[in-house]
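Subject: A structure for you to explore

Hi there,

Here is the structure I promised to pass on to you. Please open it beside this email and follow along as you read.

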Amino acid sequence: MRSGTYRGVSDELTVEIRVDPTGAHAAVSGDINLRSTFVASFIATAPTFSDGMVSGIVQFRGNPRLFTGTVELKADDRGVGVFQLGVDLEGGFRDVIAGRAEWS
């Protein structure tokens with residue numbers, strides 16, 4: 001998986017996922033926007049990298065209604081792939097934002 005930013009769109013939401021799989025401090029973070037309006041940022045706690053895929057539990061920031069969820073990004077050597085961002089909701093429910101992602 002390449003280091004950098006992967007961008008994807010799901011309905012009217014734009015998701016940017018920043019990935020740094022190198023070194024002892026591997027990191028995944030990102031932002032969600034609705035059209036051009038900020039919705040939330042997220043950061044993965046202890047992301048797991050393997051075979052062109054990264055996944056992990058995320059914590060949201062910047063939106064008091066969003067707390068936790070999951071992120072999964074799978075990409076090939078060209079930087080083309082798919083993403084899935086799960087958002088934990090009240091009552092044990094989950095919303096999922098998913099779509100195609102491209103490295104930029």
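Below is what was found in it, starting with the overall fold and ending with a few single residues.

First, some ground rules. This is a predicted model, in which local features need pLDDT of at least 70 and side-chain atom pairs count only at pLDDT 80 or more, while totals for chains, interfaces and linings use all residues. Residues are numbered from 1 along each chain as its sequence is written, and side-chain values use heavy atoms, with hydrogens and water left out.

The overall fold

The protein chain has 0 helices and 8 strands. Here helices (H or I, at least four residues) and strands (E, at least two) are DSSP runs, numbered from the N terminus. Along its principal axes, the C-alpha trace spans about 35 × 25 × 20 Å. For 104 residues, a compact globule would have a radius of gyration near 13 Å, and the chain agrees because its own value is 13 Å. That radius is taken over C-alpha atoms, and the globule rule is 2.2 Å times the number of residues to the power 0.38.

Of the 104 residues, 36% are buried. Buried means under 20% relative accessible area, exposed means over 50%, and partly exposed lies in between (1.4 Å probe, protein chains only).

How the strands pair

Two strands pair if DSSP finds at least two bridges between them. Strand S1 (residues 4-10) pairs with S8 in the antiparallel sense over 3 bridges, and Arg7 stands opposite Glu102 in S8. Strand S7 (residues 80-88) also runs antiparallel to S8, joined to it by 9 bridges. In S8, Ala98 is the residue opposite Gln84. The hairpin of S7 and S8 has 5 residues between the strands, and Gly91 there takes a positive phi near 80 degrees.

Most residues other than glycine have a negative phi, and most peptide bonds are trans. Which way does phi go at Ala46? Ala46 has a positive phi of about 55 degrees, although it is not a glycine. Ala46 is found in strand S4 (residues 37-50) and counts as exposed because its relative accessibility is 68%. Asp51, also not a glycine, has a positive phi of about 45 degrees. Asp51 lies in the loop between S4 and strand S5 (53-61), and its 79% relative accessibility is why it counts as exposed.

A look at Ala26

Ala26 is found in the loop between strand S2 (13-20) and strand S3 (27-34). Leaving aside neighbours within four places in sequence, Ala26 is in contact (heavy atoms within 4.5 Å) with Asp20, Pro21, Pro47 and Phe49.

The largest pocket

A pocket is an open set of points on a 1 Å grid over the protein atoms alone, where a 1.4 Å probe fits, with protein on both sides within 12 Å along at least five of seven lines; lining residues have an atom within 4 Å of a point. The largest pocket has a volume of about 210 Å³, the volume being the space filled by probe spheres set on the points. Its lining includes Leu13, Asn63, Arg65 and Asp95.

Happy exploring!
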